[in-house]
Amino acid sequence: EKGYETGEHAPGLKLGGCGAYKAAHHIIKTHAKVWHSYNNTWRSEQQGMVGISLTSGWGEPVDPHSQTDRDAAERYIQFHLGWFANPIYRGDYPEIMKNYVGRKSAQQGLGTSRLPTFSVQEKTYIKGTSDFLGIGHFTTRYVLQKSFPFLQVSSYHTDHDLAELVDPKWPAPGPKWLYSVPWGFRRLLNFIKTQYGNPLIYVTENGVSEKVQCTQLCDEWRIEYLKGYINEILKALNDGVNVKGYTAWSLLDKFEWNKGFSERFGFYHIDFKNKNKPRYPKASADYYKKIISANGFPNQREVMS
């Protein structure tokens, strides 16, 4: 979306309403081709695994008793995670995506949907092409129904007819988009379990950056974030979700997309102004080190059920 729809990221194309869907379509087909290539050529010899890593927030209905809010939250997750996961695990784009993009395309007078279609052969070829699902997850949004008039320029962002809200009480230690909402992670993991047949999951990204540079390296809020999110993964494991591994984002402060070096996610502070780029451990590095050596929470009293 940011590369082919809004142009914020490379390659900087602004192909409103079509670009993101086309790019994703090619990614999914290419992913399947790579999986089959490995499966046919190397698997028997190497016994390796090929998966895909998808990043998604969790969408929670503003009013859980409202059907329209529940439907909007469902659209949020299907337009984010389902967009890629549904073809790979179930053989096609989510029905809700096909319906919404198809209807809006027709309203615009287009002969075909802006969401491309897979042929029967492609659906068969793509389905099942993941030995594990990598999940990147950072935050959650409250979601409610919001209709966008079809006269305005079409975009991926308006296709799903929803608005995203945050709770002002949620901690926001990092950039303006990243609120700490640990319970959303457990719900996302359980959604994956029920929606895609409880696949093997590796958490490939989870962490938080800092708004202000902490000169004393005292990132207690990062420790709280990690504690909360890892604890929710533990609860998901107890729910029967097949989570096999966890990777925090990230070991070092580094170059983050179009934010450059301004967003620091690292356990280690890097002095980018120094030509030798020295590294200094933040408080979270020590905390995470203890979690790794204990393969869990070192102190059982930290674990909340």
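**Helix packing, pocket and backbone**

Author: Gladly! Helix H3 and helix H4 (residues 95-107) pack with their axes 9 Å apart, at an angle of about 105°. Please keep in mind that this is a predicted model.

Reader: Why are H3 and H4 called roughly perpendicular?

Author: The angle between H3 and H4 is about 105°, and angles of 65 to 115 degrees count as roughly perpendicular. H3 and H4 are therefore roughly perpendicular to each other.

Reader: How do you know that H3 and H4 meet, and which residues are involved?

Author: Contact means heavy atoms within 4.5 Å. On the H3 side, Arg75, Gln78, Phe79 and Trp83 take part, and they meet Ile96, Met97, Tyr100 and Val101 of H4. By class, this contact has six nonpolar, one polar and one charged residues.

Reader: What makes H3 oblique to H7?

Author: The axes of H3 (residues 67-90) and H7 (residues 183-195) come within 12 Å and cross at roughly 40°. That makes H3 oblique to H7, because roughly parallel is kept for angles under 35 degrees and roughly perpendicular begins at 65. As for handedness, H3 passes H7 in a right-handed crossing.

Reader: Which way does H7 cross H8, left-handed or right-handed?

Author: H7 passes H8 in a right-handed crossing. The axes of H7 and helix H8 (residues 220-238) are 8 Å apart, and the two helices pack at an angle of about 35°. Trp183, Phe185, Arg186, Leu189 and Asn190 in H7 meet Tyr229, Glu232, Ile233, Lys235 and Ala236 in H8. The class count for H7 with H8 is six nonpolar, one polar and three charged residues.

Reader: What is the volume of the largest pocket, and which residues are closest to its centre?

Author: Its volume is about 1800 Å³. Of the 40 residues that line the largest pocket, Glu1, Lys2, His9, Thr55 and His80 are the closest to its centre.

Reader: Which element gives the most to the lining of the largest pocket?

Author: H3 gives the most, with five residues. Helix H1 (19-41), strand S1 (52-55), H3 and helix H6 (156-159) each supply at least two residues of that lining. By class, the lining of the largest pocket divides into 18 nonpolar, twelve polar and ten charged residues.

Reader: What phi does Trp257 have, positive or negative?

Author: Trp257 has a positive phi of about 50°, although it is not a glycine.

Key
Residues are numbered from 1 along each chain as its sequence is written. This is a predicted model: local features need pLDDT of at least 70, side-chain atom pairs count only at pLDDT 80 or more; totals for chains, interfaces and linings use all residues. Side-chain values use heavy atoms; hydrogens and water are left out. Axes are lines fitted to C-alpha atoms, for helices over the stretch in contact, and angles run from 0 to 180 degrees between N-to-C directions. Helices (H or I, at least four residues) and strands (E, at least two) are DSSP runs, numbered from the N terminus. Angles under 35 degrees count as roughly parallel, over 145 as roughly antiparallel, 65 to 115 as roughly perpendicular and the rest as oblique. A crossing is left-handed if the near helix is turned anticlockwise from the far one by less than a right angle, and right-handed if clockwise. On a 1 Å grid over the protein atoms alone, a cavity is a set of points where a 1.4 Å probe fits but cannot get out, and a pocket is an open set with protein on both sides within 12 Å along at least five of seven lines; lining residues have an atom within 4 Å of a point. Grid points are joined across faces, edges and corners, and a volume is the space filled by probe spheres set on the points. Ala, Val, Leu, Ile, Met, Phe, Trp, Tyr, Cys and Pro count as nonpolar, Asp, Glu, Lys and Arg as charged, and the others, Gly among them, as polar.
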